[in-house]
Amino acid sequence: MNVLGIETTCDETAIAIVKDGKKILSNKIASQADLHAIYGGVFPELACRRHIDVILPLIDDALQEANLTSNEIDLIAVAHGPGLMGALLIGLTTAKTLSMAWNKPLIGVNHIEAHLYASMMDHDPILPAIGLVLSGGHTTLLEIEALGKYKKLGATVDDAIGECFDKVARMLSLPYPGGPEIEKLALSGNPHAYSLKAGQVKGRPLDFSFSGLKTKVLYTLKEDNINHADLAASFQHAAFSDIVKKTKLAAKPGQAIYLGGGVTASRYLRKLFEKENVYFPGPDLSTDNAAMIAGLGYHVFKAKGPDRLDLEALPRIPF
Ligand code: KG4
Ligand code: ZN
C-alpha cells in the first residue's frame with residue numbers, strides 16, 4: 001500500500017511516499033528556517049504562506065522521485081495536530097482535496113505519535129517499550145504498549161527541551177533553530193566547565209524541569225569572562241544527562257527505548273545514550289518530516305479504517 005504523507009504542523013512543509021508503513025520511496029522536506037531566522041522563532045502567518053507556495057510542487061516532486069502516478073497512491077495521511085492552527089489547515093485542506101480529486105481514502109495522524117514511530121520504521125518494534133519524545137513542544141516519557149496505546153510516565157512541568165535549547169541559543173546570540181547551533185558551539189567547549197543542573201520535581205522522579213537551568217545560563221552570562229563554548233557544552237550536558245538518567249530509570253532491564261522528535265538529531269545525545277536497545281530515528285527522520293506521517297498513517301488506517309472528510313485540525317491534540 002503506497003501512502004502519501006503530508007506534514008505542515010509548524011515550519012517545515014514535508015511530503016513523503018511510504019510503502020506498507022516501512023519502505024520510504026520519497027521523503028521531501030522544504031524547510032522554512034531561513035524565513036523565520038530573523039524573528040528568532042516561527043512567525044505563524046509567514047509559515048502558512050510558505051506552506052501554500054510550496055506544497056503542490058512538493059507533491060509533484062515526491063511522486064516523480066517515487067516514480068509513481070497519483071493513481072498508484074492508495075491512502076493520504078496527514079498530520080492534523082498538534083501544531084499551528086493555520087499551518088495545520090493548509091495540510092489538511094490539501095489532503096482532503098486530493099482525497100476527493102483522486103478518490104483515495106484519508107487518514108489523520110498525531111504528529112507527536114508519528115515522531116515516536118520514526119524510530120520504529122526500519123524494524124518490527126519490540127513492545128512493550130519505553131518511548132521518549134524530545135521536540136520543540138514536547139518532553140514526554142511514555143510506556144508504549146502497542147502502536148496507538150501509550151501510558152504517560154512523565155513530562156516537562158515547564159519548558160520543552162527543544163524550546164529550552166532555542167531560548168538558550170538566543171541568549172548566546174545564536175540563530176534559530178538553536179539546538180544544532182548549541183551542539184556546534186559546544187564541540188569546542190568543556191561540558192564540565194560550569195556547574196549546571198536540570199530541575200527535579202518533588203515526588204515525581206520521571207518529570208522534567210528546564211526553566212531553572214535556562215535561568216542559570218542567563219545569570220551565568222551576566223558574569224565576567226564567560227566562555228560561550230564552555231557554557232553551551234555545560235548546558236547541553238546538564239540537560240541531556242538528566243534526560244538519559246530519567247529514561248533509564250523508567251526502563252526495565254533490557255527494555256527497548258524508542259526516541260523521537262527534532263532534538264534526537266543531536267549527536268551528543270546519541271553518544272550519551274549509546275546502548276544496544278536504544279533506537280533513534282534514521283537519517284532525516286528526527287526533525288519534522290512526512291515519512292513518519294505516511295508510515296504511521298498506514299497502521300492507523302489498518303486499525304480503524306479511513307477518517308471522514310470533516311476531519312478536524314487539532315492544534316492541542318493530547319498525547
Ligand atoms: O520535532 P521538531 O522538528 O519540531 C517540533 O515538533 O517541535 O523539533 C524542533 C526542535 C527545535 O527546538 C530545535 O532546536 C531542536 O528540535 N533540535 C535540537 C537539535 N536539532 C534540532 N536540539 C538540540 N540539539 C540538536 N542537535
Ligand atoms: Zn515535530
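Predicted model: local features only at pLDDT ≥ 70, side-chain atom pairs only at ≥ 80, totals over all residues.
1. The shell around ligand 1. It counts 19 residues. Those that come nearest are His115, Gly136, Asp166, Glu183 and Gly262. By class, twelve residues of the shell are polar, four are nonpolar and three are charged.

2. Where the shell comes from. Helices H4 (111-117), H5 (161-171) and H6 (178-186) supply at least two residues each. H6 gives the largest share, with four residues. Both domain 1 (2-116 + 285-304) and domain 2 (127-279) contribute at least three residues to the shell.

3. Polar contacts of ligand 1. The side chain of His115 places an N or O atom 3.0 Å from an oxygen atom of ligand 1. Gly179 has a backbone N or O atom 3.0 Å from a ligand 1 oxygen atom. For Asp288, a polar backbone atom lies 3.2 Å from an oxygen atom of the ligand. On its own, ligand 1 has 560 Å² of accessible area, and the protein covers 89% of that.

4. The zinc site. Which residues coordinate the zinc ion (ligand 2)? They are His111 through NE2, His115 through NE2 and Asp288 through OD, at 2.0 to 2.1 Å. Their spacing in sequence is H-x3-H-x172-D. His115 and Asp288 link distant parts of the chain, 173 residues apart. His115 sits in helix H4, while Asp288 is in the loop between strand E10 (278-279) and helix H10 (291-304).

5. Two residues to look at. His115 and Asp288 both coordinate the zinc ion. Each also has an atom close to a ligand 1 oxygen: 3.0 Å for the His115 side chain and 3.2 Å for the Asp288 backbone. Both residues are buried.

How values were computed. Residues numbered from 1 in each chain as written. Chains lettered and ligands numbered in written order. Heavy atoms only, no water. Near = heavy atom within 4 Å. Polar contact = N/O pair within 3.5 Å; in protein donor to acceptor, adjacent residues only side chain to side chain. Areas by Shrake-Rupley, 256 points an atom, 1.4 Å probe, with all protein chains shown as cover. Nonpolar A, V, L, I, M, F, W, Y, C, P; charged D, E, K, R; others polar. Domains from an automatic or database assignment. Donors = N, O, S within 2.8 Å, 3.2 Å for Na, K, Ca; no water. Buried < 20%, exposed > 50% of the residue type's maximum accessible area, 1.4 Å probe, protein only.
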